[in-house]
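Thank you all for coming; I would like to walk you slowly through one structure this morning.

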Amino acid sequence: MYEFLIARRYLRSMRRRKRVSFTVVVAAAGVGLGVAALVIVLSVSNGFSTLVWDRLLGVNAHATVRKEAGQRIEDPRRLLNALSAIPQVSAVSPFVASEGALLHRSFDDEVYSAGVMVRGVTPGGLVAVSDLADYIWGGALDLGPRETEGRGRVYGIVIGRYLADQLGVRVGSEVHLWILPHEIFAAQTRFRRYVVTGIFSSGNPEFDSGLAYVSLAAARRDLGWERQVTGVRLRFGDAFRAQEISAVVEESVRRLDPALAAHPWMRDHGNLYFSIHLEKWASFLGIGLIVVVAGFNIVSVLTMNVAERRREIGILKTLGVPPRRIGRIFTWQGLAVGLSGVLSGNLLGFALCWAQQRYELLKIPGDVLITQALPVEMQASDFLAISASAALICYLFTLFPARDAAALDPVEAIRT
């Protein structure tokens, strides 16, 4: 392709002219800085979103099956069997959920209280459908009953770190839990003694300050239930396919009871899920304007080059070179400038992101966010999307001066 050879010759000749060469470098650097900024911002956004999802899904199940309006599931055995038979479901765990209050009396007779969301679970089921065991800060994930000296059997309770600080408790402390009855006319429940056997720290203040886990047997006892449960928690192989798999699960469970519904975690935390994705693409579009602005530098470089090469363009046309091939010469020339900027921007962005991952250069106070350093996660799809978008923008900007070159009248061009 002689168009490419001519474009390369024109680029080489630019290097010998300092003013033009500087303009080319500025154009390529503008594209490179825009690409590097996009790579860094999207990688940081990926790091934060992965951190949030890990903490969110580490405590929560990927989906729950429950009835609407908080109705109880009277006998969960058939439901558990049906859910376990679904290939996409890797683990199931029945649970009881209710609001409640925790009280703790300190050594100086001060009484501390806090409202909590109580979850009654089986210890094995909790480990199967969540990663809470990985976030245990003190004690152990032990919800079973234990004998106390002269005070009978007391069940264990696991609470969040912020909640423990608020109540002034530690592992081994005794607390009193009251669970709100689900039914309006149900018998009033009373405060029950529990022993704090574990304290977890997920890094999410919402969970660490307002969540308490007790055994399923203890929750049923406090509510006066027998076999009833609030619902069933599910875990899938891929958390981000939860919406798709939940549709399959819902279709299956509604054959048992039309009142049952599957709720993926995206539905329960929809605002957070969509805001993170919206923020990522808004950043992509906003910072992408840097590449657009850099594209105008490519237009100026090519326009100046077309003006200087008018006589040569006229000669080429008189030799029979078609206008579209004349345009390709300058399109290749502009693409070479743009692609050099794309390549350098990718390398710069990758180097800075790698340095942050490896050496954690930018620290974040631990009491501000749930990480000690700026999180970075590079994804090949982001590099490809950024490179393709930047290359397309550069290509579109080359069309304007290329069209002007193709439209030159050969006689007028040779005369000038």
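This is a predicted model: local features need pLDDT of at least 70, side-chain atom pairs count only at pLDDT 80 or more; totals for chains, interfaces and linings use all residues.

**Surface, overall form and pocket**

The protein exposes about 21,200 Å², of which carbon and sulfur atoms supply 59%, the areas being Shrake-Rupley values with a 1.4 Å probe. Residues are numbered from 1 along each chain as its sequence is written, and side-chain values use heavy atoms, with hydrogens and water left out.

Turning to overall form, the radius of gyration, taken over C-alpha atoms, is 32 Å, whereas a compact globule of 416 residues would come near 22 Å, by a rule of 2.2 Å times the number of residues to the power 0.38. Along the principal axes, the C-alpha atoms fill a box of roughly 110 × 55 × 30 Å. Of the 416 residues, 48% are buried, that is, under 20% relative accessible area with a 1.4 Å probe and protein chains only.

Finally, what is the volume of the largest pocket? It is about 560 Å³, a pocket being an open set of points on a 1 Å grid where a 1.4 Å probe fits, with protein on both sides within 12 Å along at least five of seven lines. Of its 25 lining residues, those with an atom within 4 Å of a point, the closest to the centre are Arg66, Phe95, Ala97, Met117 and Arg119.

Methods:
Grid points are joined across faces, edges and corners, and a volume is the space filled by probe spheres set on the points. Buried means under 20% relative accessible area, exposed over 50%, partly exposed in between (1.4 Å probe, protein chains only).
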